[in-house]
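Me: I have a chain open and would like to go through it piece by piece. Can you take my questions as they come?

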Amino acid sequence: MAEAEVLGKIQDLESLHVTCTDMDEREMLEGKIEVLKEILDLLRDMKMEERSMPKYLIDDLVEFGQDYMEMISLNDCYKTAMLRGLRYQIEMINFGPDEKNIGDEKKEEEVVVGLEEIVKKLVKRAILKNSNGSQIMSIKGMIGIGKTTLARQLYKAGASQFQCHAWVCITSGTTNKEMLIKLIHQMVEGYQRDPSLEEMDNRSLQHMLRQHLQGLSYFIVLDNMLKETKLKYILKCLPSPDIFGSRSILLLTSRYEFRTPDVNYTHEMKALDSDNSWKLFLKTINKFTSEEINFSKELERKGKEMLTKCGGLPIAIIDVARKKAKQRLSGIKWEELFDSIDLSESLKSLEPMYHELEEELKPHFLYFSFFKENAIMREEKMEKIWAANGLDVVLATKIFVDRSILEVVKKKVTKRTCRLHPLLHMISIQKAEEGMGLEILRSNGNSRPSQNARHRVIVCGRDKFNHFSIEGSKHLISLIFHGGGGYLYEASSSYWESFQLLKILDMEDFGVKTLSETIGAMVELRYLGLRNNYLQVIPHSLVHLENLEVLDIALNFIVEVSDIMWQMSNLRFLHMSDVIFQKPLKVDALWKLETLTYISIYDWTFEGPGFNIMYDFQTLGIEEVDDNSDVGTLFAKLAELPNLRYLFLRGSRFRSMPCLEEIGAIQGLMVLKVDGRIDRLPSADKLPKWITYIALVNTCLDKDPMPILEKLGILYKLKLRNAYTGREMVIQQGGFRTLKVLCINELWNLRMIQVDDDAMWSLGKLEINNCPYLETLPERIRWMSELQKFKMVTTKHIATKIRNSGLTSEIIEEDIHP
């Protein structure tokens with residue numbers, strides 16, 4: 001499709017737009033004109049640049065333009081991603097950092113540690129057992145964690161069993177046409193080195209590949225897949241699975257999460273533990289020194305301590321081992337070699353994860369430097385810190401998780417907890433020091449004070465130091481404390497008054513017992529984090545923090561709060577527990593509130609007209625609910641909140657909660673957590689119909705809850721912890737049709753779980769922990785084709801019995817302890 005043809009099409013559409021009177025049709029025409037203009041701009045840019053690879057890119061762009069003009073409509077997300085991908089490829093030709101191309105061209109034999117069990121599982125389930133049909137599997141993880149190594153082990157084990165096989169390495173500049181040519185070179189006989197392929201257009205290449213593979217079995221590895229649009233494209237080039245299910249496997253390695261039903265299974269790579277890190281280090285040392293070295297226990301301990309800096313990342317461990325082997329060959333003693341570690345090369349290899357972020361996401365990454373190394377980071381806290389600095393929080397955490405920058409540690413009821421790899425944490429600190437004026441002060445003397453610091457992290461260890469004397473406080477926007485709060489006792493009133501521009505003050509886990517009244521002078525404060533300390537009284541001066549949006553005083557045991565919070569009208573997120581209010585909290589005055597957890601049912605009022613305009617209110621946690629509580633009135637009032645989606649109910653320590661019969665009035669409720677004793681559950685038709693996640697904790701029901709819960713039409717996740725005191729649990733035929741995750745913990749009397757036919761057929765993850773009398777699993781587990789993750793913590797005797805039963809042998813991720 002020539003440049004003139006695109007221009008002509010634009011002119012035709014613009015003429016139609018002028019005469020069109022239908023608004024919907026005008027909008028569609030505007031969208032088409034916009035996309036075609038972007039295609040025209042890209043064509044002109046590539047024509048002007050005279051790069052070495054524009055021919056391939058032009059072929060991709062021509063194909064996209066042809067597809068677009070032939071289709072009546074095109075998904076906005078797809079066309080945006082496609083155009084962004086084409087632009088990205090153009091930029092990467094000249095400017096982009098890239099991962100090493102370590103696919104089929106790699107000749108050096110790899111050192112493999114810690115992958116044996118998963119290789120056996122995947123080979124057995126996906127390759128040997130897959131006698132017909134097609135499977136798409138993904139191996140996901142950060143740079144250098146071993147994705148390619150695992151894929152190569154699977155390829156070696158299974159490729160020879162297929163009629164055709166191919167391994168294609170993809171870099172950030174790889175075009176669709178190049179992918180097609182590489183696949184044809186390896187899979188179509190007679191075209192191994194045929195230069196005529198470069199003269200063919202993309203559609204002809206697609207047709208050739210599809211026609212050749214029709215009816216054949218094949219195994220394709222696409223190493224380092226970058227975007228989901230690439231997967232959608234490659235699927236168009238492969239034969240559709242026929243009715244007889246011709247045998248094929250498409251294996252992807254990627255840092256990205258492919259959220260598409262086409263992918264049957266995703267294996268997420270984990271960092272190596274201490275023992276496997278040491279094994280990999282030794283194997284690499286032995287390989288480069290050509291000798292087998294035996295270390296003393298003391299040297300092994302010292303070596304393992306050194307390797308903790310690598311965070312279990314194979315690429316870093318191998319890099320360190322190579323350097324140590326080279327130093328050893330030069331005559332340096334091992335005792336001296338284990339005293340230090342150089343991770344500079346490893347950090348360089350990880351930088352593409354930062355450079356390839358969109359410009360609007362790079363600032364989000366820098367704020368990870370506020371957290372401790374290896375810290376478990378709460379998603380809600382990350383989002384509030386971003387928001388306090390004016391950053392968009394929508395989907396930010398999800399993007400970091402999807403791109404293997406953050407590892408999900410635990411999925412909680414509403415948010416996740418995540419961890420950043422220690423080496424990525426180092427990069428976040430480096431980039432924050434360079435780009436946003438981060439300053440880290442440490443009591444051990446390893447500090448780098450800055451004259452123009454805008455963000456300060458103070459790390460207090462056992463060594464005492466006077467950080468109060470450090471100048472430059474008046475320009476600070478963020479002040480974060482890690483360590484021990486005893487140092488703050490020496491802070492004068494003038495110390496707090498000096499932070500005139502401070503927006504974030506975080507002292508979570510700092511051991512603080514008292515707060516100065518002068519904190520109320522920080523009138524620009526947006527975020528105040530006081531979680532998990534020893535505070536007994538909240539200063540009255542907080543009433544002056546008119547801009548405060550986030551106040552977190554949870555986990556302070558018992559905290560007394562004066563009658564001030566109802567005056568903090570800009571509060572959006574209020575986290576607390578075990579709080580004593582001098583007067584009940586006027587919730588309706590906080591009309592901007594989005595989250596309130598936890599407040600005693602007896603400590604709040606909602607009498608005023610303001611309650612009805614709390615449109616943004618989404619999350620509520622109520623505690624001290626007992627049999628005297630009027631939950632019917634509570635639920636009726638909450639039903640007036642149009643966007644309430646998450647409700648947490650926590651009972652009184654010594655009394656039962658009333659039955660929740662009226663909770664169905666909150667029609668939009670999606671997540672319900674009940675923590676505390678309750679006599680019975682409401683019937684299924686009395687529960688909110690849009691509920692997707694239920695957690696029952698410490699409810700101690702004496703009647704099996706499954707006959708009620710299994711009837712909920714769209715329930716996705718169910719968690720039971722100390723929820724049921726009976727011996728048997730029965731899931732009836734067809735029950736839990738939509739359930740994906742089931743977690744059963746601490747059911748101390750449970751002896752049998754019965755699952756009837758056609759029940760839980762969508763279940764993907766099953767977790768059973770601390771049920772000491774549950775010695776058998778349901779026979780139905782053997783036939784749950786979607787079940788890919790099983791975890792069980794039990795006694796040694798029961799663990800052995802479960803393994804020997806063979807019921808879980810087909811599950812890819814099986815984790816039975818001990």
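Me: Which residue stands opposite Y693 of β24?
Reply: V671 is opposite Y693 in β24. Two strands pair here if DSSP finds at least two bridges between them. Helices (H or I, at least four residues) and strands (E, at least two) are DSSP runs numbered from the N terminus.

Me: Before I go on, what kind of model is this, and how are residues numbered?
Reply: This is a predicted model, with residues numbered from 1 along each chain as its sequence is written. Local features need pLDDT of at least 70 and side-chain atom pairs count only at pLDDT 80 or more, while totals for chains, interfaces and linings use all residues, and side-chain values use heavy atoms, with hydrogens and water left out.

Me: OK, back to β24. How many bridges join strand β23 to β24, and are the two parallel or antiparallel?
Reply: β23 (residues 671-675) and β24 run parallel and are joined by 5 bridges.

Me: And β25?
Reply: Strand β25 (residues 717-721) is also joined to β24 by 5 bridges, and these two run parallel. The bridge partner of Y693 in β25 is K717.

Me: How many residues of β24 are buried?
Reply: Strand β24 (residues 693-697) has 5 of its 5 residues buried, where buried means under 20% relative accessible area, exposed over 50% and partly exposed in between (1.4 Å probe, protein chains only). Y693, A695 and V697 point one way, and I694 and L696 point the other way.

Me: What is phi at N698?
Reply: Phi of N698 is near 60°, a positive value in a residue other than glycine. N698 lies in the loop between β24 and α22 (706-709), and is partly exposed at a relative accessible area of 27%.

Me: Where is D758, and what is its phi?
Reply: D758 is in the loop between β28 (752-755) and β29 (765-769). Its phi is positive, about 65°, although D758 is not a glycine. The relative accessible area of D758 is 38%, which makes it partly exposed.

Me: Switching to peptide bonds. What is omega from T597 to Y598?
Reply: Omega is near -20°, and the bond from T597 to Y598 is cis. Y598 sits in strand β19 (residues 595-600). A cis peptide bond also joins H817 and P818, with omega about 0°; P818 is in the segment after β31 (813-817).

Me: Now the sheet with β6. What is the strand order?
Reply: The order is β6-β8-β7, an open sheet of 3 strands with antiparallel pairing. β6 (376-378) and β7 (406-411) are the edge strands, each pairing on one side only. The twist averages 40° from one strand to the next.

Me: What joins β7 to β8?
Reply: 5 bridges join β7 to strand β8 (residues 416-420), and K411 stands opposite R416 in β8.

Me: Which helix lies across that sheet?
Reply: Helix α17 (residues 379-388) lies across β6, β7 and β8, at about 65° to β6. Axes are lines fitted to C-alpha atoms, for helices over the stretch in contact, and angles run from 0 to 180 degrees between N-to-C directions. Contact means heavy atoms within 4.5 Å.

Me: Last one. At what angle do α7 and α8 cross?
Reply: The axes of α7 (residues 176-187) and α8 (residues 202-213) cross at roughly 35° and come within 10 Å. Residues making the contact include L180 and I184 of α7 and L205 and L209 of α8.
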